Amino acid sequence: MAAQRRNLMQSHQSWTDDLPLCQMCGVGTASNCVYGPDGKGTQSHTNEDGHLRFRGEDGCFLYGVFNGYDGSRVASFASQCLTAELLLGQLNSSHTDNDVRRILTQAFDVVEKSYFETIDDALAEKARLSNYLLPHNENVSFHHSSQSQKVQDRLKELEQEVSGGATAVVALILNNKLFIANVGTNRALLCKSSSDGQNQVLQIGRPHSTDNEDELQRLAVLGVDSARVRQAGQIAGQSSTRRLGDYRVKFNHNEIDLLSAAKTRPVIAEPEIHGSQSLDSVTGFLLLMSEGLINALESAHGPEQANQEIVAMVAAELAQQTSLEAAAQSVVDRVKRLHHDVYVSGRQRATYCSRHEDMTLLIRTLNYPLADGALTPTQGGRIYPVSVPYSNSQSTSKTSVTLSLVMPSQSTLTNGTNTASTLEEGTPTSGQSPTATLQSTNTQTQSSSSSSGDGSLFRQRGSQAAQPDETGRVPPYVDFSQFYLLWGSDHSDSQSTQGGLGPQ
């Protein structure tokens, strides 16, 4: 079986070629980039991310995003093997939640063991050749320098063949229930839209990283100095404490200073599984994001509102794109532009944005309509959901008001001007769309927040462009009536008048 898996990895064949792709999701990607002093970017290595999106039998759907490093082998193998372990008859509608969680855990275990089986021979050869070069090996004459050089070259080839790993976030939908299995530092967000236009954003699980308290406690139980791990911020070059593959931290952890005191293998591939979560009557979308996409956005704008910002971008693109693939790609392109613009701006966060890794975004809609081109609000206009917060200095409560904001397209600019993105003060690059920052309506918890912006409220707007009045002015695009209504409910008329807010 190991030989079959090894041959399969070396071919272009796939275990899952005959499985149908899910048409209810879209994927956007971008390769890694390093910026030069002139702001121009170059790719430092081939794209190492992977993803899967399949429709199985019996109402089963499987999605995943894999963040590879030191090569794409593990991410590619995991995406194929995991699918084969889950969608070739293993799951059916009769399974209970506990059954599903058990099958998911077993699948990840099979992927990990199967991958190492594929590199067994290479690891054995590497060990033999390394022993050949040991100085105390009396059977070797180092006068034969050419032979020694050949051995060293072969060792480099073998190291490339066996090195590398991947993190994974996988979503399984069965019986209209959602399960999330996470290994590492990718992210899953579930966005639920309510009838009043608010988006409830739920981050499912926490990343397995060196600042995760639960993971640090797990390492401490094994004898690892968790304080040193937190301070280092990385383990063998990666921030993840759980990962697939990576033989160095799995088999040679005693040789790694941070992990040398561990009683057993400290870096594991066991998934943390969340669910089930019922999707009955849910309208919204599910997002699976690679670490590279998350880091790029957080480097540009900070981590505080990253979830809300990405949801705002997705909602805006779904409100105007006619395909999920186009929506996902547009969001990734927008994050890439924002990251680049912060770097060339030279402002405070520019130092965090000199490079970004591969980025992958998977969008799976849940009873969520795509844009209807016939309902464009203005000629050439584009829809952007906006949330206008108000915080009373005498109160900690916040009110978030949904407004209708329509930005003209490039072809309808007035006097050649454009509006910069509210996410970043810099001038947008060619083709860049303005984006609205979302504001949580509640004090943010660890994983859930609420934000405006599914775009559905804006499709009722007429399709005719606004006409100038007798003074030559165009009526405002933003209707503040709801804002004034909420303001008036919290303040007396006298306070409102004195404050200068509301209609005058």
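Trainee: In which sense do strand 6 and strand 7 (residues 177-183) pair, and over how many bridges?

Mentor: The model is a predicted one. In it, strand 6 and strand 7 are joined by seven bridges and pair in the antiparallel sense. As an example of a facing pair, Val169 stands opposite Asn182 in strand 7. The hairpin formed by these two strands has two residues between them, and there Asn175 takes a positive phi near 55°.

Trainee: Which other strands pair with strand 6?

Mentor: Strand 5 (residues 60-69) pairs with strand 6 in the antiparallel sense over 10 bridges; Leu62, for instance, has Leu172 as its bridge partner in strand 6. Strand 10 (residues 244-245) also runs antiparallel to strand 6, joined by two bridges, and Gly165 stands opposite Gly245 there.

Trainee: Are the faces of strand 6 buried or exposed?

Mentor: Both faces are covered. One side carries Gly165, Thr167, Val169, Ala171 and Ile173, while the other carries Ala166, Ala168, Val170, Leu172 and Leu174, and all are buried. Accordingly, the count for strand 6 (residues 165-174) is 10 buried of 10 residues.

Trainee: How should one read the length and burial of a helix, taking helix 3 as the case?

Mentor: An α-helix has 3.6 residues a turn, so residues three or four places apart point the same way. In helix 3 (residues 97-118), the buried residues include Val100, Ile103, Leu104, Ala107, Phe108 and Val111. As for length, the 22 residues at 1.5 Å a residue should span 32 Å, and the end C-alpha atoms are 32 Å apart, which agrees.

Trainee: Why does Arg218 count as buried?

Mentor: Arg218 counts as buried because its relative accessibility is 19%, and the cut-off for burial is under 20%. Arg218 is found in helix 6 (residues 213-221). Its side chain reaches the backbone oxygen of Pro266 at 2.9 Å. Beyond its neighbours within four places in sequence, Arg218 is in contact with Thr241, Arg242, Pro266 and Ile268.

Trainee: What is the strand order in the open sheet of three strands?

Mentor: The order is 3-2-13, with antiparallel pairing. Strand 3 (41-42) and strand 13 (355-356) are the edge strands, each pairing on one side only. Strand 2 (residues 33-35) and strand 13 are linked by two bridges in the antiparallel sense, and the bridge partner of Cys33 in strand 13 is His356. Helix 11 (residues 324-345) packs on this sheet, touching strand 2 and strand 13, and its direction makes about 20° with that of strand 2.

Terms used
Residues are numbered from 1 along each chain as its sequence is written. This is a predicted model: local features need pLDDT of at least 70, side-chain atom pairs count only at pLDDT 80 or more; totals for chains, interfaces and linings use all residues. Side-chain values use heavy atoms; hydrogens and water are left out. Helices (H or I, at least four residues) and strands (E, at least two) are DSSP runs, numbered from the N terminus. Buried means under 20% relative accessible area, exposed over 50%, partly exposed in between (1.4 Å probe, protein chains only). A polar contact is a pair of N or O atoms within 3.5 Å; within protein, one must be able to donate a hydrogen and the other to accept it, and residues adjacent in sequence count only if both atoms are side-chain atoms. Contact means heavy atoms within 4.5 Å. The expected span of a helix is 1.5 Å times one less than its number of residues. Two strands pair if DSSP finds at least two bridges between them. Axes are lines fitted to C-alpha atoms, for helices over the stretch in contact, and angles run from 0 to 180 degrees between N-to-C directions.
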